[in-house]
Amino acid sequence: MSAEVIRAGRAALGIELGSTRIKACLVDADDPSRVLASGSHAWENRWGDGNWTYALDDVWTGLTAAYADLVADAERRHGVAPDTYAALGVSAMMHGYLAFDADGALLVPFRTWRNTTTGPAAAALTDAFRVNIPLRWSIAHLYQAVLDDEAHLSDLDHITTLAGYVHEQLTGERVLGVGDASGVFPIAPDGSSYDEELLDRFDALVADRSPALSVRTVLPRVLQAGEPAGTLTEAGARRLDPTGALRPGIPLCPPEGDAGTGMVATGAVAPRTGNVSAGTSIFAMVVLEQPIAGIHHEIDLVTTPAGDPVAMVHCNNGASEFSAWAGMFTRFAAAAGTPLDADEVFRVLLEESLAGEPDAGGLLAYNHLAGEPIAGLDQGRPLFLRTPDSRFTLANAMRAQVYGIFATLALGMRVLEAEGVAIDRMFGHGGIFRTAGVAQRFLAGALNAPVAVGDTAAEGGPWGMAVLAAYLGHADRPLSTYLTDDVFAGAEVTTVAPDADDVAGFARYLTRYHDGLAAERAAADAI
C-alpha cells in the first residue's frame, strides 16, 4: 500500500530548515498521520563579523543531502524511490534578513533570528507602530540597516525569509505563508496580509533617510494555508534533486515558518490552545480569543498559518546547552570504557533528573549561548551556579538544566497570564520530549497547565509542513477542521497535569533565576 502511494505520487513532502538539522518528511497525502519516510542533514550557524549566519551554499548542500536521505529511506522501507508528489512544502526558521538585488544576488550575509543588533530599530518601530516589534523580525533588520545607512540599501530589490528564499528558488514565486510573514511585518486584523496603515507609517519613517525605499515593493506577497503557491519548476527540481529523477510540476503550498509548522504538528490552531517547540530556540504559541491589551516586549503578535491571531513567547536559547552537557557525559562514558550513543545519554540524564528536588536543590542553570531579549541580555554567557549549601547531585544538576530550558519562556508566559490569556492545554514537541514523562512533566510544572505530547512529537516541523502540503487538496474546509477530522482523529496523545510539588518547586527556582540574572549580565560585561 505505501509503495503504491509513493509510486503513484500520492504522498506529500514537507521540508524544514531548522537551526541544527534540515529534515524532510514524507506522508500519505490522504492520511497525513502516516509517515512514509524521512531524511535529514546536520548543519550549524556560523559566527563571523558580529553576525550569526548560514551560507546559502550550505542551504543547498543541506537540502539536497536531506532530500537524498529521504529518497534512500523510502527505497529502503518500501522498495520504491519517489520521483513526484501530490504536494510539497518548505518551512524554515522564522525572522531574520535576506536581502537581494534585482538579479537575485545576496547583498549582505544572511542575518538570522539569533542576532540581537537591531535594538534601536526595534524600539523605534515599537513606538511608531504601537505593536511590539522584536529584535529578530525582518522589518527590524531592514530599519536598522536604514538607521545605519548601510550601503547595500541602494541596490535593494526585495527581502524575504529563509523559507521564502528556498520556495522562490523552487517555484519562481515570491510569496510567504501568513504565519511566516507575521514575523516579517505586522499582519492586518483580518489575517489576510500586511497591515496597510503600518506600511504607510514605515514609509514615512524612512522617507528622509532612504526616500527610494518603499516597503510594499520589497516584501513578499502573503498567502494563507491552502492557497496555491506555484509549482516546482524544472530548475527548482534540479536544485533539490541534482540526480534528475525528481519531476517538475508538483504543486507547492505557501512556505511557512517553524512556529506555524509547530502549531500544525500539534494540532494547536484553535483559540485557548497552544504549543511549546523546544530545539535550539524555544518558543510558545498561544492562539488568542481576543486581542492583548498592552504592549509587551516579551510577546510577539503573530498568526497561525490560516491567519488567526497568536501570542508568541520566543526565546533565543533552548536545548543547546543541555546538549553540550550530554556531549560531555557521552565522552565520559567512552573514556570510562562503556560507550553510550547520544540518545541513550540524553535518556539517562533526563530520567535521572526525575530524582532531583522540586527546586533543583538550589542549583541554577542559564542556557544563554546567544543574547536573550526577554531576560534583557544582549549577549549570552552560559552559567551554572550554586551556593555552598546547594545540594550538588547529578539529579539536581540535570533538573536545573531542564528547568533552565523553560525558565526564560516561563518569564514570558507570566506576562500572558497577567493579561488574562486562558490556556486549556499546551502541546509539547521537539526532540527533548522523546524521553517520555520528563520534559513534559517539568513543562507542566513550569507553566502550571496541562501539557500534551502526541505520538508525532519528535517528528515536529517537517511533519507539520508535510501536513500543510497535504492540506492543499482539502482547503475547502478550515485548517482547524481538517486537522481535527483528518489528521489527529486517531492520534495517541498523552496529557500530564501539573504536579503541585513541581509547580511550587519551579516557582522557587524561577525566583532565584530572575534574581540571578544580575550574574549573567555581569558575566556578559566581563568576558
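**Figure 1. Overall fold of the predicted chain.** The protein chain has 17 helices and 20 strands, where helices (H or I, at least four residues) and strands (E, at least two) are DSSP runs numbered from the N terminus. This is a predicted model, in which local features need pLDDT of at least 70 and side-chain atom pairs count only at pLDDT 80 or more, while totals for chains, interfaces and linings use all residues. Residues are numbered from 1 along each chain as its sequence is written, and side-chain values use heavy atoms, with hydrogens and water left out. Taken along the principal axes, the C-alpha atoms of the protein chain fill a box of roughly 65 × 65 × 45 Å. The radius of gyration of the protein chain is 22 Å, which agrees with the value near 24 Å that a compact globule of 527 residues would have; the radius is taken over C-alpha atoms, and the globule rule is 2.2 Å times the number of residues to the power 0.38. Of the 527 residues, 57% count as buried, where buried means under 20% relative accessible area, exposed over 50%, and partly exposed in between (1.4 Å probe, protein chains only).

**Figure 2. The largest nonpolar core and the surroundings of L142.** A nonpolar core is a set of buried Ala, Val, Leu, Ile, Met, Phe, Trp, Tyr and Cys residues joined through side-chain atoms within 4.5 Å. The largest one has 67 residues, of which L142, F185 and F202 touch the most other members. Helix α15 (residues 460-471) gives the most to this core, with eight residues. With neighbours within four places in sequence left aside, L142 is in contact (heavy atoms within 4.5 Å) with Y97, L153, L156, I159, F202, L213 and V218.

Figure 3. L411 lies in helix α13 (residues 394-418) and counts as buried because its relative accessibility is 17%. Not counting residues up to four places away in sequence, L411 touches I374, L510, Y513 and H514.

**Figure 4. The buried arginine R381.** R381 is found in the loop between β16 (364-366) and β17 (383-385). R381 is buried yet has no salt bridge, and the nearest side chain of opposite charge, E520, is 7.7 Å away; a salt bridge is a side-chain nitrogen of Lys or Arg within 4 Å of a carboxyl oxygen of Asp or Glu, and in assigning charge Lys and Arg count as positive and Asp and Glu as negative, with His and the chain ends not counted. The side chain of R381 does make a polar contact with the side chain of Q379 (3.4 Å), a polar contact being a pair of N or O atoms within 3.5 Å, of which, within protein, one must be able to donate a hydrogen and the other to accept it, and residues adjacent in sequence count only if both atoms are side-chain atoms.

**Figure 5. E289 in an exposed loop position.** E289 lies in the loop between β13 (282-287) and β14 (300-303), and counts as exposed because its relative accessibility is 55%. The side chain of E289 makes a polar contact with the side chain of R272 (3.3 Å). E289 and A422 are 133 residues apart in sequence and 8.5 Å apart in space, C-alpha to C-alpha.
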